[in-house]
Amino acid sequence: GNPELPTAVNITWSSINFKTILQWQPKPSGYFYTVEIHGQTSDTKKKCILTSETECDVTDVLRNVKETYTAHILSVLASGMDNFEEPPFAVSEKFTPYNQTVLGKPEIQNYTQKGSKLSVVFQDPLTPYTFPNGSFQSIRDIFQDDLEYKLYYWKDQSSGKKDATTKSHTFEMSVDSTKNYCFYVQGTIPSRRENRNGQESVVLCTSLGRNILDEYGAEVFIIIAVIAVAVITLAIVLAVFLCKRKKAKAAREKEPLNGV
């Protein structure tokens, strides 16, 4: 082989919603990398052949998401791929997509607060994998009953947080009809020991009966009041000063007449 060639180090798997990228170091100089994906029960597959990059999208060769894989990153010369000697290589940690991919952000489609009921409708994140008809599979299509969602919600301007759980696409909670609420949604796989909770959706807030005090808080009004008092005080002081100055000027204008 080519034992003098450097082998890859710091090999990591990065996977969100089953889109999986393999990354490593160092940048090659005078040689290339070729990635081999080894499954426990599947045939070895080559990816990113003779690449000078230090990452490789291996999503399409991990379709059996419950399989456990390892990656061999070969260090090769361009002319060395046709010989029968095994090139030097580094081996990654094991990776099982079903257990280790990170759940991405759910997309909130609609939300309403009517009276004392808060309703939130959201959509599953999609994966890169498709059905035979070409439509993309969602994470729910793969995880089935293993997938749950949590809604975290709280009164606007408050730190007290509550949560609710569902296996559907809708949340309905009883809330205080006089208060606005903020919330976000997060996917979770309770059966996992690691990577159980997914990424959080954007935080949204209702605006039912929202007034300027709710929007900006009492601190802003205190500041405005202080500024208003200062302006009024300044106006009074200025008016008094101008009045006194006017009287003094009038008095000076009369002095010559008194002296005649």
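**Exercise 1. Salt bridges**

How many salt bridges does a search of the whole structure find?

*Solution.* 

Step 1. The structure is a predicted model. A search of all of it gives 7 salt bridges. Side chains of opposite charge can pair when their charged atoms come close.

Step 2. Take Glu36 and Lys46. Their closest N and O atoms are 3.0 Å apart. Glu36 sits in strand β3 (residues 32-39) and Lys46 in strand β4 (residues 45-51), so the bridge ties together parts 10 residues apart in sequence. Now check exposure. Buried means under 20% relative accessible area. Glu36 has 13%, so Glu36 is buried. Lys46 has 43% and counts as partly exposed.

Step 3. Take Lys117 and Glu172. Here the closest N and O atoms are 3.8 Å apart. Lys117 belongs to strand β9 (residues 117-123) and Glu172 to strand β14 (residues 170-174); the pair links distant parts of the chain, 55 residues apart. Lys117 is partly exposed at 43% relative accessible area. Exposed means over 50%. Glu172 reaches 53%, so Glu172 counts as exposed.

Step 4. Take Asp176 and Lys155. This salt bridge spans 3.9 Å from N to O. Asp176 is in the loop between β14 and β15 (181-188), while Lys155 is in strand β12 (residues 148-155). The two are 21 residues apart. Asp176 is partly exposed, with 27% relative accessible area. Lys155 is partly exposed too, with 35%.

**Exercise 2. The core**

Which residues touch the most other members of the largest nonpolar core? Then place this core and follow one of its residues.

*Solution.* 

Step 1. The largest nonpolar core has 43 residues. Trp24, Ile37, Leu62 and Phe171 touch the most other members.

Step 2. Look at who contributes. Domain 1 (9-99) and domain 2 (107-206) both give residues, so the core lies between them.

Step 3. Follow Trp24. Set aside its neighbours within four places in sequence. Its contacts then include Ala8, Val9, Asn10 and Ile11. Tyr33, Val35 and Ile73 are also among them.

**Exercise 3. A loop residue**

Is Thr96 buried or exposed? Find its place and its contacts.

*Solution.* 

Step 1. Thr96 lies in the loop between β7 (89-91) and α1 (97-100).

Step 2. Its relative accessible area is 9%. The cut-off for buried is under 20%, so Thr96 is buried.

Step 3. Leave out residues up to four places away in sequence. Thr96 then touches Val65, Lys66, Glu67, Thr68 and Thr101.

**Exercise 4. A surface patch**

Which residues form a nonpolar patch on the surface with about 290 Å² of accessible area together?

*Solution.* 

Step 1. The patch is made of Ile223, Ile227 and Val231.

Step 2. Ile227 is in helix α4 (residues 218-259).

**Exercise 5. The whole protein**

How many helices and strands does the protein have?

*Solution.* 

Step 1. There are 4 helices and 17 strands.

Step 2. The protein has 260 residues, and 37% of them count as buried.

Step 3. The accessible surface is about 16100 Å². Carbon and sulfur atoms hold 53% of that surface.

Step 4. Consider contacts between residues at least 6 apart in sequence. Of these, 60% join residues at least 24 apart.

Notes. Residues numbered from 1 in each chain as written. Predicted model: local features only at pLDDT ≥ 70, side-chain atom pairs only at ≥ 80, totals over all residues. Heavy atoms only, no water. Core = buried A, V, L, I, M, F, W, Y, C linked by side-chain atoms within 4.5 Å. Buried < 20%, exposed > 50% of the residue type's maximum accessible area, 1.4 Å probe, protein only. Domains from an automatic or database assignment. Contact = heavy atoms within 4.5 Å. Patch = residues over 30% accessible without salt bridge, like charges linked within 9 Å, V, L, I, M, F, W, Y side chains within 5 Å. Areas by Shrake-Rupley, 256 points an atom, 1.4 Å probe, with all protein chains shown as cover. Salt bridge = Lys/Arg side-chain N within 4 Å of Asp/Glu carboxyl O.
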